[in-house]
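I opened this notebook to record what I looked up in one structure. The entries are kept in the order of the topics examined.

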Amino acid sequence: MAKTKELSKDTRNKIVDLHQVGKTESAIGKQLGLKKSTVGAIIRKWKTYKTTDNLPRSGAPRKISPRGVKMITRTVSKNPRTTRGDLVNDLQRAGTKVTKPTISNTLRRQGLKSCSARRVPLLKPVHVQARLKFAREHLDDPDEDWENVIWSDETKIELFGKNSTRRVWRTKNAELHPKNTIPTVKHGGGNIMLWGCFSAKGPGRLIRVKERMNGAMYREILSENLLPSARALKMKRGWVFQHDNDPKHTARATKEWLRKKHFKVLEWPSQSPDLNPIENLWRELKVRVAQRQPQNITALEEICMEEWAKIPATVCENLVKTYKKHLTSVIANKGYITKY
């Protein structure tokens, strides 16, 4: 049976007006060219609800039963990497045939949506404990101590980068839960590699690493750039140098070189880029570089150097000023990777 056209609001109101002046349903139907049953339905609705407006409708019944909803919600909570196809098959085995969009809509109503899994460093239990220990030991350090640290790191910047993604089902603000992330190993290759440092007073030196870095090259980089950066930044006496636990950084020869130079080194927990504020500075640099759209490697290097020099000292100061938040976040997340 074909669906009839819905009456306009004016027509429905006119039916009520005619009814109120004493006209019968048949007379109203003839006058307006409507069926008696239609007129009667409008009048009954008005008598019951005191309105002729459309009322909320229940709509089509849900394809997935409450029990089925609980089942798929429980499944993705245990394993966020479950695909929609897997859930379709699970429900089909339980006697319910649905499509992938239905799965998406159902989970969205439960507060879950499909998101790209974050790539984070692989954390073993020993890493988690070391991160917690570092955060707790330094939580009450005064801000002045962090202002006297030179933070350093290496990063890769791609000319035209493409990153693969995997999707997970998660609730809001749960992107960094271990089940919702993809562990990665640092430095999987790139178009140019950079070493840089900064302190609360501003950016230090930035250089391009043109060859595969080894311990000797790393020590040469420090020899030529660390102390000049400290002088340019006017670091106070007793300043502290931070670098991560890359094998080149922790090699015996590197440790001995740092000791002979009388550099104080911050003891650092492995696999902890979220604790190093230079990661935020790298992101700032990459955004600035991307906006200028370099077309070749030479231009990429030149633009990196130019944009690094333009980063305001206030940006660096704010990164260090809020460092305690990094520590409290690690403790709150029980040692796992935090948002940075």
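**Entry 1. Basis.** I noted that this is a predicted model, in which local features need pLDDT of at least 70, side-chain atom pairs count only at pLDDT 80 or more, and totals for chains, interfaces and linings use all residues. Residues are numbered from 1 along each chain as its sequence is written, and side-chain values use heavy atoms, with hydrogens and water left out.

**Entry 2. Domains.** I looked up how the protein chain is divided and found domain 1 (9-49), domain 2 (66-110) and domain 3 (125-162 + 189-333). These bounds come from an automatic or database domain assignment. I then took the separation of two of them: the C-alpha centres of domain 2 and domain 3 lie 44 Å apart.

**Entry 3. The sheet.** I recorded an open sheet of 5 strands, in the order β7-β6-β3-β8-β9, with mixed pairing. At its edges are β7 (202-209) and β9 (264-265), each of which pairs on one side only. Helices (H or I, at least four residues) and strands (E, at least two) are DSSP runs, numbered from the N terminus. Two strands count as paired if DSSP finds at least two bridges between them.

I followed β3 in both directions. Strand β3 (residues 149-157) runs antiparallel to β6 (residues 192-199), and 7 bridges join the two. Within this pairing, T155 stands opposite L194 and S152 stands opposite C197. With β8 (residues 240-242), β3 runs parallel, joined by 3 bridges. Here I150 has F241 as its bridge partner.

I also checked the cover of β3: 8 of its 9 residues are buried. Buried means under 20% relative accessible area, exposed over 50%, and partly exposed in between (1.4 Å probe, protein chains only).

**Entry 4. D141.** I asked which side chain of opposite charge is nearest to D141. A salt bridge is a side-chain nitrogen of Lys or Arg within 4 Å of a carboxyl oxygen of Asp or Glu. For charge, Lys and Arg count as positive and Asp and Glu as negative, while His and the chain ends are not counted.

I placed D141 in the loop between α7 (125-138) and α8 (143-147). Its side chain makes a polar contact with the side chain of H138 at 2.6 Å. A polar contact is a pair of N or O atoms within 3.5 Å; within protein, one must be able to donate a hydrogen and the other to accept it, and residues adjacent in sequence count only if both atoms are side-chain atoms. Leaving aside neighbours within four places in sequence, I found D141 in contact (heavy atoms within 4.5 Å) with W146 and K324.

**Entry 5. Salt bridges.** I searched the whole structure and recorded 14 salt bridges.

- K9 and D53 meet through their side chains at 3.3 Å, N to O. This pair links distant parts of the chain, with K9 in helix α1 (residues 9-20) and D53 in the loop between α3 (36-49) and α4 (66-78), 44 residues apart. K9 is partly exposed at 44% relative accessible area, and D53 is partly exposed at 32%.
- R259 and E256 meet at 2.4 Å, N to O. Both lie in helix α11 (residues 252-260), 3 residues apart, about one turn of the helix. R259 counts as exposed at 52% relative accessibility, whereas E256 counts as partly exposed at 30%.
- R288 and E284 meet at 2.9 Å, N to O. They are 4 residues apart in helix α12 (residues 278-292), about one helical turn. R288 is buried at 18% relative accessible area, whereas E284 is partly exposed at 28% relative accessibility. Salt bridges that share partners join E284, R288, R292, E306, E307 and K310 into one network.

**Entry 6. Positive phi.** I noted K234, a residue other than glycine, with a positive phi near 55°. K234 sits in the loop between α9 (215-232) and β8, and is exposed at 65% relative accessible area. Q271, also a residue other than glycine, has a positive phi near 55°. I found Q271 in the loop between β9 and α12, partly exposed at 29% relative accessible area.
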